[in-house]
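Please examine the sequence and the three-dimensional structure shown here before reading on. The explanation then leads from the whole chain to selected residues.

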Amino acid sequence: MIVVSCSKGVHLGAKIAARLKAEHTALKVSRFPDGELYLRFLKNVRNKTVVLVQSFYEDVDEMIVETLFAAATAIELGAKKVILAAPYFPYFRQDERFRKGECVSLHVIGPLFDRYFDRIIVIDPHLHRENTLKHVFRTASVRLTANPLIAEYIKRHFRNPVLIGPDWESYKWARKTAEMIGAKSSILEKKRYSSYHVEVRLKDRIDLRGKEVIIVDDIISTGHTILETIKNIRKLRPGKIVCICVHGIFAGNSLRKIRNAGAVVVATNTIPSGVSKIDVSKLVADSLK
Ligand code: R5P
C-alpha cells in the first residue's frame, strides 16, 4: 500500500501512512502557465494499492479535478487498486432540486468518482435525504463517524455537560455522542431560508442554568446555525458554551463571529484549522487496515 497526500490531504496523509507503517508520498501538483493542472506521482505505484488522501475544502472544484486526474493516472501507471480517503467529501448538501432548474450536485459527483475508485472512505457525510452512501456511490464505500472521538474529547474536558443539536438532522451527532457518554441532550428546531438566513428555536424545556452546554453538529460553514443556536441558549443562562463540529469549513469570518458570541470552538482535523483539536488519522488508518 502507498498513501498519497493530495493538495488538501497533506495534513493527514503522512500521519495515516505512519499509523499503517505504509509508504507515503505527496503528489506533485503545479499549474501550467494557462492555469491548467499539472500532476505527477513521484513514487512508483505499479501493483500497489494506492490510497489518495484528499479533503475537499476551499478550492473544492479544483480538488475534484485533481483527485480524478490522480486516480486516473494511478490506474494508467498500473496501480492494483485505487482508494479515496476523503475526510470531508463535498456536495452532500445539494442532494435535491430545492428550486426548479437546480443541479443536484451529489447525483453528478457520485458517478464521477465511481468511475475511478475501487473504494471511497468518507467521514460523517452529510446524508440527509440520501440516507446511505449506497445511494451516492456504486463503488464500494465506507462511512466513518468521528462521534467516538468527539465523545472521548468531551469526556476528557468536561464534567457534566449537556449536548445540544441545532436541528433534527444533528441528532446523528449530538444525541448519539451524548448517548456514548451518558449525557443529557436536546435537539432544537431549525428553519433555513437561505445559506445566510436560518432560524433556530428550542422545542423542549431544558434546564441549562450554569451548565456546560456543548453544541454538536456535523458542519459549521457560515456559522449562522451555530450563532442562532447560541442566541437561543443564552436566554437559559448557561455557564459555558462550547461548539464542536466534525467539519469546520468556517466560511468567511464565521469562526471569529462564533468566538465573539462567547463560545469556545473545537473541530476535528478533517479540515485543518486553528481549532482542529480532534485528530481523525487513526479512524481512517483503522479502516484501511
Ligand atoms: C445542516 O443541516 C448542517 O448540519 C449544518 O447545521 C449546516 O451545514 C451548518 O451550516 P451553516 O454554518 O452555514 O449554518
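Predicted model: local features only at pLDDT ≥ 70, side-chain atom pairs only at ≥ 80, totals over all residues.

Residues are numbered from 1 along each chain as its sequence is written, and side-chain values use heavy atoms, with hydrogens and water left out.

The protein chain contains eight helices and 16 strands. Here helices (H or I, at least four residues) and strands (E, at least two) are DSSP runs, numbered from the N terminus. Along the principal axes, the C-alpha atoms of the protein chain fill a box of roughly 60 × 45 × 35 Å. The radius of gyration of the protein chain is 20 Å, which agrees with the value near 19 Å that a compact globule of 289 residues would have. This radius is taken over C-alpha atoms, and the globule rule is 2.2 Å times the number of residues to the power 0.38.

How much of the protein chain counts as buried? Of its 289 residues, 52% are in this class. A residue is buried under 20% relative accessible area, exposed over 50% and partly exposed in between (1.4 Å probe, protein chains only). The accessible surface of the protein chain is about 14100 Å², and carbon and sulfur atoms account for 48% of that surface. Such areas come from the Shrake-Rupley method with a 1.4 Å probe; for residues, only the protein chains shown count as cover. Contact means heavy atoms within 4.5 Å. Among contacts between residues at least 6 apart in sequence, 62% join residues at least 24 apart.

Helix 1 spans residues 10–20, and its buried residues are His11, Leu12, Gly13, Ile16, Ala17 and Leu20. An α-helix has 3.6 residues a turn, so residues three or four places apart point the same way. The buried residues of helix 1 pack against strand 1 (2–5), strand 2 (23–26), strand 5 and helix 8 (281–288). In helix 8, the buried residues are Ser281, Leu283, Val284, Ala285 and Leu288. Their cover includes helix 1, strand 5 and strand 6, together with strand 7 (119–123), strand 8 (140–144) and helix 4 (147–157).

Threonine 25 lies in strand 2. With a relative accessible area of 7%, threonine 25 is buried. Apart from neighbours within four places in sequence, threonine 25 is in contact with Ile2, Val3, Val4, Ser5, Leu42 and Lys43.

The backbone angles come next. Most residues other than glycine have a negative phi, and most peptide bonds are trans. Asparagine 47 is not a glycine, yet its phi is positive, at about 60 degrees. Asparagine 47 is placed in the loop between strand 4 (37–40) and strand 5 (49–53), and its relative accessibility of 55% makes asparagine 47 exposed. Phenylalanine 250 also has a positive phi, near 45 degrees. Its place is in the loop between strand 14 (240–248) and helix 7 (254–260). Is phenylalanine 250 buried or exposed? Its relative accessible area is 11%, so phenylalanine 250 is buried.

The final topic is the aromatic rings. A pair of aromatic rings is described by the distance of the centres and the angle of the planes. Rings of Phe, Tyr and Trp (its six-membered ring) pair if their centres lie within 6.5 Å; planes under 30 degrees apart count as stacked, over 60 as edge-to-face and the rest as tilted. The structure holds seven aromatic pairs. In one of them, the ring centres of phenylalanine 56 and phenylalanine 89 are 5.6 Å apart and the planes are at 65 degrees, so the pair is edge-to-face. This pair links distant parts of the chain, 33 residues apart: phenylalanine 56 is in the loop between strand 5 and helix 2 (60–76), and phenylalanine 89 is in the loop between strand 6 (81–86) and helix 3 (105–114). Both phenylalanine 56 and phenylalanine 89 are buried. Phenylalanine 89 also forms an edge-to-face pair with phenylalanine 92, with 5.6 Å centre to centre and 65 degrees between the planes. Phenylalanine 89 has 2% relative accessibility, and phenylalanine 92, at 3%, counts as buried. Phe56, Phe89, Phe92, Phe113, Phe117 and Phe137 form one aromatic cluster.
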